[in-house]
Amino acid sequence: GHGLMQGKRGLIMGLANDKSIAWGIAKALANAGAELAFSYHGEALKKRVDPLAAEIGSDFVVECDVSDEQSVADLFTKLGARWDGIDFVVHAIGFSDKDQLRGRYADTTRDNFLMTMDISVFSFTSVARHASAMMSNGGSLLTLTYYGAERVMPHYNVMGVAKAALEASVRYLAEDLGKDGVRVNAISAGPIKTLAASGIGDFRYIMKWNELNSPLRRNISQDEVGQSALYLLSDMSSGVTGETHHVDAGYHVVGMKAVDAPDI
Ligand code: NAD
């Protein structure tokens, strides 16, 4: 690695398996010399996360359910017991009832709306508050979002509403924490086949659509998100905060793809 993250320590939240976006980011950070801790959700995932963490030189793995405020507080207590401070956090967490990631947004239930907002939006705000208290030398916080926040995408439904709130919270947190030198940004990733994505209706079709219609005429990889995350988490982006950075092969700039127009 080129040592861009040498001497920096941080937390990766949301590693489930080697398809996770969190894994692409973790590999890029470790390769650049960062020291990493991981949090995962549910004891069943420990047997997946432990070996992945070990593969990139970390034995610092902590369980955390972000829907439980005490669990979030305990996570940062454990971090503080081993490290005197942190430099970055990656929040790669989202959840909704998959029965409501198809059909109409209008049919979203109150319970699922509140749960989706709690796990996918409020958790980042809570994490930002705990993490920034450990960032006496400044730091960088990163979350993951999707274009469904900006435009209506098929089946994304309540998760699109949650991502819009998440992107707004990135801007509010950037203002709150900026005076302490803590930067807050999001990556809006193009579709990637992960565990979470497999819950979204017609996901294969959405991937194909993006491949055919993005300026680069292809989809993006976990590793490409990792490289962009490295920029946002390192001092390379020291002047950047409150930003939603698209890593989507350019899909978000296209209004209509160029075609050989028929005579009309
Ligand atoms: P993933 O399934 O690998 O990761 C989602 C993670 O959220 C899992 O590790 C899961 O354990 C965690 N999680 C769910 N509920 C939790 C809770 N209560 N407490 C703690 N953790 C919890 O899928 P992914 O696609 O890598 O998702 C990571 C992030 O990227 C999500 O925010 C997702 O919305 C976002 N994203 C994904 C895509 C895509 O196409 N895959 C595109 C844009 C953005």
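Visitor: In which loop is the place of lysine 19?
Guide: This is a predicted model. Lysine 19 is partly exposed, because 16 other C-beta atoms lie within 10 Å. Its place in the chain is the loop between strand 1 and helix 1.

Visitor: With which residues is lysine 19 in contact, leaving aside its neighbours within four places in sequence?
Guide: Lysine 19 and alanine 54 are 35 residues apart in sequence, and their C-alpha atoms are 16 Å apart in space. A contact requires C-beta atoms within 7 Å. Once neighbours within four places in sequence are set aside, the contacts of lysine 19 are Lys193, Thr194 and Leu195.

Visitor: How far apart are the farthest two C-alpha atoms of the residues that UniProt lists for "binding site"?
Guide: The unreviewed UniProt entry lists residues including Gly14, Asp65, Ile93, Lys163 and Ala196 under "binding site". They span 183 residues in sequence and do not all gather at one spot, because the farthest two C-alpha atoms are separated by 23.6 Å.

Visitor: Is isoleucine 93 buried or exposed?
Guide: Isoleucine 93 has its place in the loop between strand 4 (88–91) and helix 4 (110–132). Neighbours within four places in sequence aside, isoleucine 93 is in contact with Met13, Gly14, Val66, Ile119, Ser120 and Ser123. A residue with 20 or more other C-beta atoms within 10 Å is classed as buried. Isoleucine 93 has 22 such neighbours and therefore counts as buried.

Visitor: Which elements give two or more residues to the shell around the ligand?
Guide: The ligand is surrounded by 26 residues, the closest being Ser20, His41, Gly94, Thr194 and Ala196. The elements that contribute two or more residues to this shell are helix 1 (21–31) and strand 5.

Visitor: How many residues of the shell around the ligand are charged?
Guide: Alanine 196, one of the closest residues to the ligand, is found in the loop between strand 6 (182–189) and helix 6 (203–213). Alanine 196 is buried, because 21 other C-beta atoms lie within 10 Å. The shell divides into 18 nonpolar residues and 7 polar ones, and the number charged is 1.

Visitor: Against which elements do the buried residues of helix 4 pack?
Guide: The buried residues of helix 4 include Thr116, Ser120, Val121, Phe124 and Ala128. The elements against which the buried residues pack are strand 1 (9–13), helix 3 (69–82), strand 4, strand 5, helix 5 and strand 6.

Visitor: What is the phi of histidine 155?
Guide: Most residues other than glycine have a negative phi. Histidine 155 lies in the loop between strand 5 (139–145) and helix 5 (157–178), and is buried because 21 other C-beta atoms lie within 10 Å. Although histidine 155 is not a glycine, its phi is positive, at about 70°.

Visitor: Is arginine 217 buried or exposed?
Guide: Arginine 217 is not a glycine, yet has a positive phi of about 55°. Arginine 217 lies in the loop between helix 6 and helix 7 (222–233). With 12 C-beta neighbours inside 10 Å, arginine 217 is therefore counted as exposed.

Note on methods
Residues are numbered from 1 along each chain as its sequence is written. This is a predicted model: local features need pLDDT of at least 70, side-chain atom pairs count only at pLDDT 80 or more; totals for chains, interfaces and linings use all residues. UniProt positions are given in the numbering used here, feature names are shortened, and annotations may be inferred rather than shown by experiment. Helices (H or I, at least four residues) and strands (E, at least two) are DSSP runs, numbered from the N terminus. Two residues are in contact if their C-beta atoms, placed from the backbone, lie within 7 Å. A residue is near a molecule or strand if its C-beta atom, placed from the backbone, lies within 6 Å of it. Ala, Val, Leu, Ile, Met, Phe, Trp, Tyr, Cys and Pro count as nonpolar, Asp, Glu, Lys and Arg as charged, and the others, Gly among them, as polar.
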